[in-house]
Amino acid sequence: MKKKDTLRTLEGVFLQGIRMQRRGGLRKVWKFHTIFRHAVSSWLKRRMIRRRKDLLVPIAVALSPTMRCNLACEGCYACDYPNDDEISIECIESLLSAAENMGVFLFVITGGEPLMKDGILEVFGKHKRLLFLMVTNGTLIDKNVAETIAGAGNIIPVVSIEGDQNQTDLRRGRGVYDRVKSAMSHLENAGVVFGFSAMVTSRNFGTLTTDQFVDEMVDRGCSLGFYTEYIPTGSLADWNLVLEVGEQKQFRQGILEIRRNKPLMAVHMPDDEYGAGNKCMGVVGGCFHINSQGYVEPCPFTHFASNNIREESFEEILRSEFLAQVRSSDAIVRRGHLGCALFENREMLAGIISETGAKATDCPLEINKKIRK
């Protein structure tokens with residue numbers, strides 16, 4: 001895949017908003033007009049480092065500042081992660097500075113619930129040349145939090161929702177749907193650019209692309225919609241939630257209809273994530289996930305690592321043998337209907353793990369039960 005293709009497909013998700021503003025759509029996104037300049041500057045840095053150091057710097061890094069969460073969503077991929085020994089705010093600040101200096105443009109903030117990490121919004125606000133896409137359950141967003149996000153100017157919250165009230169409360173807990181609506185209202189009133197995030201399952205795929213649902217999200221102020229098909233990861237995995245092939249095709253058609261007819265930037269994982277040769281573009285482009293204990297994993301659904309940001313510099317992480325072998329292997333080729341190639345090709349990945357000395361970064365659910373009560 002050519003570098004310009006990577007720039008177009010990944011950064012374009014956000015830069016499209018600025019282009020749409022010029023056509024009169026998504027007016028709030030215009031406040032991010034400086035993002036385009038930062039994106040180009042970051043791209044130039046990455047290209048220079050690739051040429052001078054033969055080092056692949058990713059456009060984006062996923063970061064989980066904490067795995068603590070105030071909800072217990074059905075089938076959560078993060079259920080087996082430890083909740084102790086979190087990386088410090090100082091460690092996160094150091095990571096962001098190093099990544100920014102090397103040309104990283106975007107941090108996808110996940111977890112856990114990121115807003116349970118004290119001081120995290122203030123840290124993000126200090127790094128104006130970085131864009132933070134923060135996935136949140138929304139239950140901790142009040143007026144003050146929304147105003148803090150608005151003041152930072154470089155944070156895009158995406159609030160998790162499962163469809164209608166019954167579907168959301170069934171998976172996330174009673175009353176969560178109303179709290180999500182409240183969070184969106186606070187963000188809209190504060191003038192924040194925000195969106196929604198939906199886990200696509202066999203239960204809700206028919207709802208998530210309907211005019212009723214999409215129009216409601218737009219009316220509530222959403223500018224972006226992130227749809228991720230369910231991947232059965234972890235001790236609480238439920239294979240019954242995985243979409244069948246026919247359901248996936250039906251859902252994809254719904255996404256394309258949204259793009260043609262709605263004032264919403266719709267992102268669909270995995271279909272938007274796989275490029276030439278049906279390879280995962282994120283892994284090919286050098287992206288990775290850093291969990292709350294500092295371990296560097298190929299992606300949030302692959303809980304193995306051989307490096308830790310507490311022990312190595314950002315440049316040393318980029319030269320990780322484990323990540324390099326994963327990136328160059330056939331384990332990143334999506335062959336079936338599961339949303340993550342690395343999850344689908346677990347046997348192939350196991351050989352790389354053994355060869356490089358990587359280790360598991362999660363633990364049996366029983367160890368976490370006391371913490372998660």
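Analyst: The model is predicted, and its chain holds 16 helices and eleven strands. Of its 373 residues, 56% count as buried. Among contacts between residues at least 6 apart in sequence, 73% join residues at least 24 apart.

The helix examined here is α13, residues 321-328. Its buried residues are Phe322, Leu323, Gln325 and Val326. These four lie on the same side of α13, because they cover an arc of only 165° around the axis. An α-helix has 3.6 residues a turn, so residues three or four places apart point the same way.

The cover over the buried residues of α13 comes from several elements. Among them are the helices α11 (281-284), α12 (314-318), α14 (341-344) and α15 (346-356). The strands β9 (296-297) and β10 (304-305) also take part.

At the N-terminal end, α13 is capped by Ser320. A side-chain oxygen of Ser320 lies 3.3 Å from the backbone nitrogen of Phe322. Phe322 is also one of the buried residues of the helix.

On the α6 side the contact is made by Gln165, Thr168, Asp169 and Arg172, and on the α7 side by Val176, Tyr177 and Asp178. By type, the residues of this contact of α6 with α7 are two nonpolar, two polar and three charged.

Notes
Residues numbered from 1 in each chain as written. Predicted model: local features only at pLDDT ≥ 70, side-chain atom pairs only at ≥ 80, totals over all residues. Heavy atoms only, no water. Buried < 20%, exposed > 50% of the residue type's maximum accessible area, 1.4 Å probe, protein only. Helix = DSSP H or I, 4+ residues; strand = E, 2+ residues; numbered from the N terminus. Arc of directions from axis to C-beta. Contact = heavy atoms within 4.5 Å. Polar contact = N/O pair within 3.5 Å; in protein donor to acceptor, adjacent residues only side chain to side chain. Nonpolar A, V, L, I, M, F, W, Y, C, P; charged D, E, K, R; others polar.
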